[in-house]
Structure formats: C-alpha cells, structure tokens
Amino acid sequence: MPFIRAGDGYLAVFNMFTCDNAEEQERIVDEMKAIVDSADYPGWVSSTVHGAVDSPGTANYVQWRSLADLEARYAGAKYQQGVVPLFQQIATSVRLLKTEAVFVQHHQDQDHIEIGPHRDDHTVIIVMECAPENQQALVDALGQRDEWLMTVPGYRAHAICRGIDGTFIILYAQWESKEHYDAFHHLPESQRPEQVQRIRAFTDTIITERRANTYRPVHSRSAAPAAQVG
C-alpha cells in the first residue's frame, strides 16, 4: 500500500474532482478504478482513489517518481483524447495539483502514514491557496509537530504537501471517524491551546482561499516494488 513520507522524493499529485450528485461520483470512481488497475506508465508509483463524504466528488492521490514522468503521461494521445474529455463530461470541476510532501505527523503506534481502503480512514483534504511569497511561511506555521493534536480523540495522522508552483499547500489528514473529526473541527476557538490559536490566526491572514472536503479511500494500487524508489 502507498505511504506518505516527508522528503520521499516523489511528486504527489492530487487529482481533485467535484460533481453534482452521488451517481456521478460513483461513475468517476469507477472510471478512476479502471485507469488505476491498468496503470503501467513509466515513473508511476501508486494511486489511491477516494470517494467524497460531505460533498459529491473524488480525489486521487497519485505518486510519481518525477515531474517529467507525469508530463509524459499528460502529453500522451490516450490521455489527451480519452481521459481528459471523459472527466470533463462527468465532473463539474477538475484540478490536478502537483505537490511534494514536506511534513508528516502520526501517532506513536504508527511508523508512517499509510493510505488505502483497508484502513477505513475518515480522510480530510484541505487546499489552502496563498501568494507565492507566503507559501513558506504557511508551511512553517502548519508543518510543525502539534502535541495537543496527538491527544485529540480520533486523530490519527496528517501530512502537509507543498504545491510546486508556489501558490498553495494541501493538508491531508486521517481521522478515526466523521464524528471525531466534526467534534474537533467545531471545537470553540477558546478551547484550543493558545499556541494553536496563534497559528490559526496567523495562517488566516495569508490564506487567500480554502477548499475542503472529506473522503473515504475506496481503491488503491502500487507499482511493482522494482519500479519504486525512495
């Protein structure tokens, strides 16, 4: 199964789709599963398809060995003439976000962040946009160990991924259940530690747009071990 490790050298692509209803979401998931199951592209490492929980859509977390490998895939006729028109027809929006994992945190009973349907994580993906000159400050603020979060019921792990174009970061978090995450998400600000409050107040000043949804991993596949690096 795929792992998220800071500094693993992989290009991590979040293929984010929105759609109008559950039926369209299921169709996108099915099409993604078919693509993942037949993946044999040079440089492809893994793909994990997520079905949305709160608002219809999907997310595919894809690891590549390099940007050049990904661009070769995107330039191919099969992708341009088949995949792109298909998803443009089904989805209401498509975002292909290229990142690298720069920070991870997980409970002591885990050695790493593992993703896949076998874990049944309630997964939260938040895209935070910012001006390029503020991206590193956003990474520094959110990419630090949070001991309080380790004590919050239901918290499992999270990763910070830096957008390689400099205009955003992505927070990928795993929780035990929707109920646990909702309780944390709606916790009054006054009940959070002062340091956490200061970080949240600061990041609010440099985040220009925030988009969030929750997901369940529904399908995952990795390349043969010999094809992987890192």
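Trainee: How many nonpolar, polar and charged residues are in the lining of the second largest pocket?

Mentor: This is a predicted model, and in it that lining has 18 nonpolar, four polar and one charged residues. The second largest pocket itself has a volume of about 360 Å³.

Trainee: Which residues are closest to its centre?

Mentor: Of the 23 residues lining the second largest pocket, Asn15, Arg73, Tyr74, Tyr79 and Val83 are the closest to the centre. The elements giving two or more residues to that lining are β2 (11-18), α1 (22-37), β3 (44-52), β4 (57-64), α2 (67-75), α3 (77-90) and β5 (93-106).

Trainee: And which element has the largest share of the lining there?

Mentor: α3, with five residues.

Trainee: Ok, and the largest pocket, what volume does that one have?

Mentor: About 820 Å³. It is lined by 35 residues, and Ile126, Leu142, Leu171, Phe184 and Arg200 are the closest to its centre. Two or more lining residues come from each of β7 (122-130), α4 (135-142), β8 (155-163), β9 (168-175), α5 (178-185), α6 (194-206) and β10 (207-222).

Trainee: Which of those gives the most?

Mentor: α6 does, with six residues.

Trainee: What does the lining of the largest pocket have by class?

Mentor: There you get 18 nonpolar, eight polar and nine charged residues.

Trainee: Switching to the fold. In what order do the strands of the barrel run?

Mentor: It's a closed barrel of eight strands, going β2-β4-β3-β10-β7-β9-β8-β5, and the pairing is antiparallel. On average, neighbouring strands in this sheet are turned by 35 degrees against each other, if you ignore direction.

Trainee: How does α1 sit on that sheet, and which strands is it touching?

Mentor: α1 packs on the sheet and touches β2, β3, β4 and β10, with its direction at about 165 degrees to that of β3. Then there's α6, which lies across β7 and β10 and runs at about 105 degrees to β10.

Trainee: How many bridges join β3 to β10?

Mentor: Seven, and the two strands run antiparallel. As an example of a pair, Val49 stands opposite His219 in β10.

Trainee: Let's look at β4. How many of its residues are buried?

Mentor: Eight of its eight, so with buried meaning under 20% relative accessible area, β4 is mostly covered.

Trainee: Which residues are on which side?

Mentor: Gly57, Ala59, Tyr61 and Gln63 are on one side, with Thr58, Asn60, Val62 and Trp64 on the other. Side chains in a regular strand alternate between the two faces of the sheet. Here both faces of β4 are covered.

Trainee: What about the β4 neighbours, how many bridges join β2 to β4?

Mentor: Eight, in an antiparallel arrangement. One place to look is Phe17, whose bridge partner in β4 is Thr58. On the β3 side, seven bridges join β3 to β4, also running antiparallel, and Thr48 has Tyr61 as its bridge partner in β4.

Trainee: How many residues are between β3 and β4 in their hairpin?

Mentor: Four.

Trainee: New topic: Leu97. Buried or exposed?

Mentor: Buried, because its relative accessible area is 7%, where the cut-off is under 20%. Leu97 is found in strand β5.

Trainee: What is Leu97 in contact with, leaving aside neighbours within four places in sequence?

Mentor: Ala12, Val13, Phe14, Met16, Val127, Phe168 and Ile170. Take Ala12: Leu97 is 85 residues from it in sequence, while their C-alpha atoms are 8.3 Å apart in space.

Trainee: Last one. What is the phi of Asp120?

Mentor: Near 60 degrees, so a positive value in a residue other than glycine, whereas most residues other than glycine have a negative phi. Asp120 is in the loop between β6 (113-114) and β7.

Terms used:
Residues are numbered from 1 along each chain as its sequence is written. This is a predicted model: local features need pLDDT of at least 70, side-chain atom pairs count only at pLDDT 80 or more; totals for chains, interfaces and linings use all residues. Side-chain values use heavy atoms; hydrogens and water are left out. On a 1 Å grid over the protein atoms alone, a cavity is a set of points where a 1.4 Å probe fits but cannot get out, and a pocket is an open set with protein on both sides within 12 Å along at least five of seven lines; lining residues have an atom within 4 Å of a point. Grid points are joined across faces, edges and corners, and a volume is the space filled by probe spheres set on the points. Ala, Val, Leu, Ile, Met, Phe, Trp, Tyr, Cys and Pro count as nonpolar, Asp, Glu, Lys and Arg as charged, and the others, Gly among them, as polar. Two strands pair if DSSP finds at least two bridges between them. Axes are lines fitted to C-alpha atoms, for helices over the stretch in contact, and angles run from 0 to 180 degrees between N-to-C directions. Contact means heavy atoms within 4.5 Å. Buried means under 20% relative accessible area, exposed over 50%, partly exposed in between (1.4 Å probe, protein chains only).
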